[in-house]
Amino acid sequence: MRKLKKEEVARRVAKELEEGYYINLGIGMPSLIPNYIPSGMKVTLLSENGIIGLGPYPTKEEVDADLTNASKQTATLNKGGVITDTVEAFAMIRGGHVDLTVLGGMQVDQYGNLANWKIPGKKVKGMGGAMDLVAGAKRVIVMMQHVNRANETKILKECTLPITGKGVVSELYTDIAHFKFKDGKMYLVEYAPETTIDEIKANTDAEFIIADDICEMNIS
Amino acid sequence: MVKFYNSSEEAIFDIEDGATILVGGFGLTGIPENTLKAVNKKEIKDLTIVSNTAHTDKHGLGPIFEKKQIKKFMASYIGENPIAEKQFFNNEFELELIPQGTIAERLRAKSAGIPAIYLAAGVGTEVSEGKEIRIFNGREYLLETALGGDFALIKAWKADKEGNVVFRKTARNFNPVMASAAKITIVEVEEIVESGELDPDFIHTPSIYVDRIIYGETFEKPIEFLTTRD
């Protein structure tokens, strides 16, 4: 078994983008995706603090304290980009206008529940816009390591951490596998190169079905 | 009618113990730096604060947490402020974490005279505990009530002498909706221009929502995470 680098997972997820998509990317692994948008494809990045058409990080000269992204980092606006207030930024999320959101996760379970906002007694940060995004985006992809630092699986029969949304995950990409969720069931649809299905089973607590058309993940 | 004040301290003269205050900003971007400093300086406590985040330990709400002026805090995020996190674990204030879009839409409902709304965010999570659930078109929604404040502390870019206000870039964020959801809205601005100088088609917050304006004493505009590509 070889765990994929996070850049390789980002490269794979980027293949899911489609021409004209409006997408919202979470912090951490998902923020690598813009590096792998196929050339010539028009994809518009959103930031829920009110940006439609988020650009790359600014140069030192371009830094503007009044232009930041939802991770509170300095940002730029692409040509034709738009700024709205928060009410409108979340109306477009809630109203189903966002084609795809890609978020990191602490745990995902076999029912497509996601936990990524709180560790009771240890860490309280808050959900920010994550609950709104998973409830409102047309498609929710979670991208995360398959096991944590203590080598415990993050893919469970049932989340033990407080969840961010119930049955909201459409697809889960990890450093060894790709799962899809449909009608309350979890399917293994891809295995990473140099990883076997048995190795995925051994590292997963959730019960999943092996898809008929299962194949190797394309990370080229 | 809009009244212009000479200092932040004067503009917040009637904020007293137990007030509910809406605080504009997203992280440190677009926060009312000057009126927050005035609140911190004044001997007031037991405040209920509604803000997207807890800012940082050094800036914005940080010193207000440090002085223990807050009784209840309603926000979507308190990471980045270690003082607030520590005080929360010591039960020094009541924390209500609310999904960000739910805060925004509850404020909007208040500003538009709508007592409650149904939202899908948080269904099946801790957020749904104790809330009425209704099903529309086969999907579950939570009943969320309108959220307003006694005061709103707002940071804007420019105001004209009528009291119309515009914001700059992503410093807009929660500011317009909070301005329209409070009984008394206090706006600090970087520039005051003559009436007629702002394009009427591009006013973000019209004067009907604004009660007091001050020319902000200093704008430090701290950056939470300076990230550049070079």
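I started with helix 2 of chain B and listed its buried residues: B:Glu33, B:Asn34, B:Thr35, B:Leu36, B:Ala38, B:Val39 and B:Asn40. Buried means under 20% relative accessible area with a 1.4 Å probe, protein chains only. Helices are DSSP runs of H or I, at least four residues, and strands are runs of E, at least two, numbered from the N terminus.

I noted that this is a predicted model, where local features need pLDDT of at least 70, side-chain atom pairs count only at pLDDT 80 or more, and totals for chains, interfaces and linings use all residues. Residues are numbered from 1 along each chain, chains are lettered from A, and side-chain values use heavy atoms, without hydrogens and water.

Next, cavities. I found 2 of 30 Å³ or more. A cavity is a set of points on a 1 Å grid over the protein atoms alone where a 1.4 Å probe fits but cannot get out; lining residues have an atom within 4 Å of a point. Volume is the space filled by probe spheres set on the points.

The largest cavity has about 70 Å³. Its lining draws on both chains, including A:Ala65, A:Asp66, B:Lys155 and B:Lys221. B:Glu33 lines this cavity and is also among the buried residues of helix 2 of chain B.

Helix 2 (86-94) of chain A, strand 2 (44-47) and strand 3 (51-54) each give at least two lining residues. The helix gives the largest share, 3 residues.

Methods
Buried < 20%, exposed > 50% of the residue type's maximum accessible area, 1.4 Å probe, protein only. 1 Å grid on protein atoms, 1.4 Å probe; cavity = no way out; pocket = protein on both sides within 12 Å on 5 of 7 lines; lining within 4 Å.
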